[in-house]
Amino acid sequence: MPRPIARVLALLELLQSGGTRTASELADRLDVDERTVRHYVGHLVDLDVPVEAVRGRYGGYRLSPGYRMPPLMLGDDEALAVLLGLVAGRRTGLTTAAGTASETAAAKIRRVLPERLRTRLDAVLDTLAFTAPPGEAVTPESGVLLPVADAVNHHRPISIRYTDRNGRGSERTLHPHGLVAHAGKWYVTGADLTSGQDRTLRLDRITDVRTLPGSFEPPAGLDPAERVLTGLATAPYRHEVILRVQGTAEHIRTRLPPSVAIVEELPAPETPDGAEPRAEPRVRVEMRVDRLDWLPAVLASLDRPFVIERPDELRGLVEAFAARLGHCARAEHS
């Protein structure tokens with residue numbers, strides 16, 4: 001490649017890294033004078049690359065937003081990071097509902113890569129194995145995700161059409177507080193003005209979004225991710241389970257994460273004068289679940305004493321599970 005062309009592409013790579021670059025800085029990086037930098041900038045403009053000249057003391061050159069994306073300059077590590085990110089996005093649900101978008105994006109990147117680099121990256125992608133199976137991703141439409149994200153960012157109210165888990169449709173006015181991706185699904189948290197309550201809504205169940213006039217002030221100290229996990233743990237499922245477990249909250253959450261259970265530390269009980277205080281902390285565990293049959297095995301895996309406050313049905317399931325374990329332990333080898 002002739003050196004002037006190589007330097008023009010090097011200039012583009014420098015500008016794509018972001019910010020405003022002074023003419024003297026670019027000249028030093030390219031090992032040319034400032035007049036030649038202006039000449040190279042002219043070449044990029046002729047190629048419809050939107051280079052903008054910034055005047056003033058801190059002026060220079062930068063890429064301005066344009067109607068078309070400029071050529072993308074990626075090094076080996078950058079190309080690998082982008083392609084692996086696309087693969088991971090497909091497996092975790094961090095893509096839009098246009099399911100082929102990540103595949104076509106990867107194909108476009110591969111097509112413009114040098115043969116040497118493309119072959120090496122293909123070797124990584126063809127030999128890469130995952131220890132966990134792909135999640136059941138439910139991805140939102142980009143026509144929903146983008147306006148909701150914009151409303152969250154600028155504190156704008158939105159009007160949405162929503163279909164709940166029972167198939168009932170409704171129109172709602174929402175003050176969106178945050179976007180959260182969890183377990184292959186996207187959620188938006190916010191104040192539902194229609195019902196007057198805080199809500200956690202799935203983006204894939206939203207079919208229409210309209211930004212409304214005005215703005216709102218989000219609550220101070222709000223953690224959207226924590227709001228989503230709490231909402232999942234307290235959803236109105238069939239059974240309400242309440243336990244008291246002897247152990248730390250950190251240990252309990254290794255088996256019962258925030259999306260499954262609310263874990264609260266209990267105050268230490270009063271001890272008689274002269275008696276040793278109880279060293280082991282206790283926690284209260286609250287869950288909402290549709291089925292109880294999976295809980296005995298999870299409680300056994302905690303390896304901590306526990307008391308079932310409710311429901312009574314869970315006590316029988318735990319006793320039956322313990323009896324099966326005892327029978328297996330006493331069984332003779334065949």
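**Questions on a predicted model**

Tutor: Asp31 has a relative accessible area of 63% and is therefore exposed; exposed means over 50% relative accessible area and buried under 20%, with partly exposed in between (1.4 Å probe, protein chains only). This is a predicted model, in which local features need pLDDT of at least 70 and side-chain atom pairs count only at pLDDT 80 or more, while totals for chains, interfaces and linings use all residues. Residues are numbered from 1 along each chain as its sequence is written, and side-chain values use heavy atoms, with hydrogens and water left out.

Student: In which loop is Asp31 found?

Tutor: Helices (H or I, at least four residues) and strands (E, at least two) are DSSP runs, numbered from the N terminus. Asp31 has a positive phi of about 60°, although it is not a glycine. Its place is the loop between α2 (23-30) and α3 (34-46).

Student: Is Ile160 buried or exposed?

Tutor: Ile160 belongs to strand β3, residues 158-163. Not counting residues up to four places away in sequence, Ile160 touches several residues, among them Leu201, Ile206 and Val209; contact means heavy atoms within 4.5 Å. Because its relative accessibility is 1%, Ile160 counts as buried.

Student: How many residues apart in sequence are Ile160 and Val209?

Tutor: In space, the C-alpha atoms of Ile160 and Val209 are 4.7 Å apart. In sequence, the separation of Ile160 and Val209 is 49 residues.

Student: With which side chain does the side chain of Asp192 make a polar contact?

Tutor: Asp192 lies in strand β5 (residues 185-192) and counts as buried, at 3% relative accessibility. A polar contact is a pair of N or O atoms within 3.5 Å; within protein, one must be able to donate a hydrogen and the other to accept it, and residues adjacent in sequence count only if both atoms are side-chain atoms. The side chain of Asp192 also reaches the backbone nitrogen of Thr194 at 3.0 Å. At 3.1 Å, the side-chain partner of Asp192 is Arg172.

Student: Which strands stand at the edges of the open sheet of four strands?

Tutor: The sheet has the order β9-β10-β8-β11 with antiparallel pairing, where two strands pair if DSSP finds at least two bridges between them. Each edge strand has a single partner strand, so one side of each is left without a neighbour in the sheet; these strands are β9 (261-265) and β11 (306-310).

Student: Which residue is the bridge partner of Ile242 in β10?

Tutor: Strands β8 (residues 239-246) and β10 (residues 282-289) run antiparallel and are joined by eight bridges. The bridge partner of Ile242 in β10 is Glu286.
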